[in-house]
Amino acid sequence: MKHTDIKNVLFNADMVGSNVVVCGWVRTFRDSAQVAFLELSDGSSFQKLQVVIDKNALQFDPECTKLGASVAVKGTVVKAYKGTGNELNAAEIALLGKCPPEYPIQKKRTTLEFLRGIPHLRLRTNTFAAVFRVRSVAAQAVHRYFHERGYYYINAPLITASDCEGAGEMFRVTTRPWNAVAKTEEEYYKNDFFGVKAGLSVSGQLEGEVAATALGKIYTFGPSFRAENSNTTRHLAEFWHIEPEIAFAELPDVIEIAEDMLKYLIRALLEECPDELKFFDSFVEKGLIEKLEHVAGSDFAVCSYTEAIEILKKENARFQFPVEWGSDLQSEHEKYLTEAVFKRPVFVTDYPKEIKSFYMKQNADGRTVAATDLLVPGIGEIIGGSEREADLNKLVAAMSERGMDMNAYRQYLDLRRFGSVPHGGFGLGFERFVMYCTGIENIRDVTLFPRSVKNIM
Ligand code: 4AD
Ligand code: MG
């Protein structure tokens, strides 16, 4: 159907006087003796288009005025009677799809929790439509950022035989029947589709390293899967993961790139989604825009894990899990560091090797690795990254300590055998980034169909 996006009708002064067809869903209807007003949304903009109906001149199906109904309106664009922008004087209104009164998206403010129960309809609310417009703009900005800087976009496999993070959080991929019997694990997988144990990838990093050690600078942007049993507001079983990998990069380079990329993405949102951010600022997180402007314009903090532990230890009384050197940082510690101590994003670096992954570069102290997590107020960890161990012997030693199957990582080890180079990268959780930029507090509310423990609607 030939029609014009509401966004173009609303804000384009050149459109005044022209005849157009717009299509959309009815968001409100106001009636009076002579005129009636329909507010239409077609998803193209945060603002809705007001359609003015001269009741003496125009006959229309009353179904066209029902909340949620879809209509096509032919009319003339005029300057809005009130406020800025344009509105539409209707000449013809056609019903596309009726919407009965049991439509669950009613005007009274419905809670995010209620809307979680109707993921297929919740995008028709202001909040969710705004979240997904922001998410789309952010995704485009990710590609632009890397493309403009000469990175290649790589698609890493989603089905894999190697567990990148080594934390035992892989979903299994199998075609064997539920009641298949086997005497050993090996026998079970031998008769499976791939002949070996396979799973959904937790990270594209290992394949990213393959590409980076030939192409120089690459990034992946795709789904990662984690079977972790953590039912929190920041964990999903399926999330989108941005993972640049850079040859000849050491930890300080990785940190510099991560900070630069985040600032670029935030600036893109400030520029391209002003209406959405204003809405989130008013209704979701007061001061959001100021926060984002500040983050985009000032330096992030950097602090070593050892320094962080010194700071946290003094506050152990306030934590559910008191810390000492060697403990993994829990969400409460991460939030305390970034919200109470640094009051801005902070890169924590050089973690004890025991609590980090096998592939991280071992520091000269023999106790820590060249890793970094970026912690942000309100969320905690948003990025995890590191310089990678480029020394074959050290890498093999770290893998043996963890009892890993070297055979499954032959190709990965080859990268250290044949022209090894220092390199590094990081992973940004895309949903956590969107949470940070919208103020939305539950990761399920920035994801179209969130998958988490016991939840696959
Ligand atoms: O810290 P993680 O586990 O690091 C990696 O996977 C590395 N291989 C990345 C790399 O160096 N290329 O995950 C990276 C980020 C986290 O900081 C977090 O933002 C996000 O991915 N993330 C999740 N997001 C939502 N739900 C989950 N279950 C997540 N697990 C990690
Ligand atoms: Mg991490």
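Visitor: Which elements do the buried residues of helix 9 pack against?

Guide: First, the ground rules. This is a predicted model, in which local features need pLDDT of at least 70 and side-chain atom pairs count only at pLDDT 80 or more, while totals for chains, interfaces and linings use all residues. Residues are numbered from 1 along each chain as its sequence is written, chains are lettered from A and ligands numbered from 1 in the order in which they are written, and side-chain values use heavy atoms, with hydrogens and water left out.

Now the helix. Helix 9 covers residues 305-313, and Y305, A308, I309 and L312 are buried in it. Buried means under 20% relative accessible area, exposed over 50%, and partly exposed in between (1.4 Å probe, protein chains only). Seen down the helix axis, these buried residues fall within an arc of 100°, so they line one face of helix 9. The arc is taken over the directions from the helix axis to the C-beta atoms. Their packing partners are strand 11 (301-304), helix 10 (331-341) and strand 12 (346-352). Packing here rests on contact, meaning heavy atoms within 4.5 Å. Helices (H or I, at least four residues) and strands (E, at least two) are DSSP runs, numbered from the N terminus.

Next, helix 10. Its buried residues are H333, E334, Y336, L337 and T338. They pack against helix 9, strand 12, strand 13 (368-376) and strand 14. Just after helix 10, K343 takes a positive phi of about 55°. Strand 12 holds another such residue: D350 lies in this strand, and its phi is near 55°. D350 counts as partly exposed, at 23% relative accessibility. Most residues other than glycine have a negative phi.

Strand 14 takes us to the ligand. This strand spans 380-387, and along with strand 10 (238-247) and strand 15 (423-429) it supplies at least two residues of the shell around ligand 1. Strand 14 gives the most, with 5 residues. The shell has 25 residues, and the closest are E165, Q205, E243, E381 and I382. Belonging to the shell takes a heavy atom within 4 Å of the ligand. By class, the shell divides into 8 nonpolar, 9 polar and 8 charged residues. Ala, Val, Leu, Ile, Met, Phe, Trp, Tyr, Cys and Pro count as nonpolar, Asp, Glu, Lys and Arg as charged, and the others, Gly among them, as polar.

Some atom pairs can be named. A side-chain N or O atom of R226 is 2.9 Å from an oxygen atom of ligand 1. A backbone N or O atom of G384 lies 3.3 Å from a ligand 1 oxygen, and one of I383 lies 3.4 Å from a ligand 1 oxygen. The protein covers 94% of the 630 Å² of accessible area that ligand 1 has on its own. Accessible areas come from the Shrake-Rupley method with a 1.4 Å probe; for residues, only the protein chains shown count as cover.

Strand 10 deserves a stop too. H241 sits in this strand. H241 is buried, with a relative accessible area of 8%. Its side chain makes a polar contact of 2.8 Å with that of S224, and one of 3.4 Å with that of E243. A polar contact is a pair of N or O atoms within 3.5 Å; within protein, one must be able to donate a hydrogen and the other to accept it, and residues adjacent in sequence count only if both atoms are side-chain atoms. Leaving out residues up to four places away in sequence, H241 touches several others, including R226, G427 and L428.

Follow the chain onward from there. F248 lies in the loop between strand 10 and helix 6 (251-272). Its phi is near 65°, positive in a residue other than glycine. F248 counts as exposed, at 60% relative accessibility.

Finally, step back. The chain has 13 helices and 15 strands. Of its 457 residues, 49% count as buried. Its C-alpha trace spans about 85 × 55 × 45 Å along the principal axes. Among contacts between residues at least 6 apart in sequence, 66% join residues at least 24 apart. The chain exposes about 22,500 Å², and carbon and sulfur atoms supply 52% of it.
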